Amino acid sequence: MPNNSLLDQVVIVTGAAGGIGSAIARVFHQSGARMVLADYDHHSVSRLATSLDPSAERVIAIRYDASNPSDADAVVSACLAQFQCIDHVVPAAGIYDEKPVSTLTDADWRRTMSINLDGVFYICRRAIPHMRPGGTIVTIASGAAHQGCSPGGHYAASKGAVLALSRSLAKELAPAIRVNTVSPGTINTPMVEDLLRQNGDKFLDATPAGRVGSAEEVANVVAFLCSSASSYIVGEAIHVNGGYYMG
């Protein structure tokens with residue numbers, strides 16, 4: 001869904017090699033944005049960047065561990081070196097580990113929080129001082145942030161915290177920078193393949209749209225929230241879930 005208001009805007013996308021992250025990168029590229037694509041899987045994110053922009057003039061890739069604050073510094077530095085500014089930040093890096101709390105280890109909890117929550121703080125904190133007025137931050141939460149999930153309480157907790165952080169940032173940074181959240185439901189990506197194999201029928205029965213969502217449908221909403229078309233939307237969480245959760 002190309003949107004001319006993103007033409008030549010500079011965007012940082014983390015988790016860009018993932019299912020939703022890569023769809024965001026493709027939609028933004030179609031919209032004319034310039035991007036830094038960051039992901040732990042450097043081979044995959046480099047391949048994506050090259051496929052979008054073989055010249056590496058508009059799109060560059062960097063290896064990035066969301067749990068490492070030094071990597072957030074490196075991403076912001078690379079963006080400034082290449083493009084001299086930042087307009088939009090989309091922290092899409094995240095993990096889902098399907099475990100009940102009864103078997104969850106302290107290390108499991110910390111790993112999920114360090115990537116899903118700490119990573120959002122690290123990249124936003126470092127990017128904000130360099131963002132141009134009129135810029136946006138669009139975080140990726142989850143339906144689990146609003147209604148919990150079982151198994152996966154640690155995942156729901158991390159995404160609920162992302163939602164709270166995003167709304168706090170929205171109040172702190174407006175009107176210069178708008179902050180909003182997208183809360184996807186069950187989206188057809190590699191991260192939820194096992195879940196869909198085991199419980200796909202249950203999700204479909206409870207989803208008025210009657211199908212699983214696509215990563216591109218999430219990406220289109222992210223692009224909308226970064227564009228001037230959403231200029232009076234601040235601190236909102238937009239659900240992309242086919243009606244599975246209405247809140």
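In this predicted model, helix α3 (residues 69-83) packs against α4 at an angle of about 40°, and their axes are 9 Å apart. Because angles under 35 degrees count as roughly parallel and 65 to 115 as roughly perpendicular, α3 is oblique to α4.

**Helix pair α3 and α4**

- The two helices α3 and α4 cross in a right-handed sense.
- On the α3 side, the residues that meet α4 are Pro69, Ala72, Asp73, Val75 and Val76. Their partners in α4 are Tyr122, Ile123, Arg126 and Ala127.
- Sorted by class, the contact of α3 with α4 holds 7 nonpolar and 2 charged residues, with no polar ones.

**Helix pair α4 and α6**

- The angle between α4 and α6 is about 15°, and their axes lie 9 Å apart. An angle under 35 degrees counts as roughly parallel, so α4 is roughly parallel to α6.
- The crossing of α4 and α6 is right-handed.
- From α4, the contact takes Asp108, Trp109, Thr112, Met113, Asn116, Leu117, Val120, Phe121 and Cys124. From α6 come His154, Tyr155, Ala157, Ser158, Lys159, Ala161, Val162, Leu165 and Leu169.
- The contact of α4 with α6 is made up of 12 nonpolar, 4 polar and 2 charged residues.

**Helix pair α1 and α8**

- The axes of α1 and helix α8 (residues 215-226) come within 8 Å of each other, with a crossing angle of roughly 55°. This angle makes α1 oblique to α8.
- Where α1 passes α8, the crossing is right-handed.
- The α1 residues in this contact are Gly19, Ile20, Ala23, Ile24, Val27 and Phe28. Those of α8 are Ala215, Glu216, Val218, Ala219, Asn220, Val222, Ala223 and Cys226.
- In the contact of α1 with α8, 11 residues are nonpolar, 2 are polar and 1 is charged.

**The largest pocket**

- The volume of the largest pocket is about 1200 Å³.
- It is lined by 48 residues, and the closest to its centre are Ile95, Tyr96, Tyr155, Met191 and Val192. Among these, Tyr155 is also part of the contact of α4 with α6.
- By class, the lining of the largest pocket has 25 nonpolar, 16 polar and 7 charged residues.

**The second largest pocket**

- The second largest pocket has about 160 Å³ of volume.
- Lining it are 15 residues, of which Thr186, Arg211, Gly213, Asn241 and Gly242 are the closest to the centre.
- The lining of the second largest pocket divides into 7 nonpolar, 6 polar and 2 charged residues.

**Backbone features**

- The peptide bond that runs from Ala174 to Pro175 is cis, and its omega is near 5°. Pro175 sits in the loop between α6 and β6 (177-184).
- Ala56 is not a glycine, yet it has a positive phi of about 60°. The loop that holds Ala56 lies between α2 (42-52) and β3 (59-63).

Methods. Residues numbered from 1 in each chain as written. Predicted model: local features only at pLDDT ≥ 70, side-chain atom pairs only at ≥ 80, totals over all residues. Heavy atoms only, no water. 1 Å grid on protein atoms, 1.4 Å probe; cavity = no way out; pocket = protein on both sides within 12 Å on 5 of 7 lines; lining within 4 Å. Points joined across faces, edges and corners; volume = space filled by probe spheres on them. Nonpolar A, V, L, I, M, F, W, Y, C, P; charged D, E, K, R; others polar. Axes fitted to C-alpha atoms, helices over the stretch in contact; angles between N-to-C directions. Helix = DSSP H or I, 4+ residues; strand = E, 2+ residues; numbered from the N terminus. Parallel < 35°, antiparallel > 145°, perpendicular 65-115°, else oblique. Left-handed = near helix turned anticlockwise from the far one by under 90°. Contact = heavy atoms within 4.5 Å.
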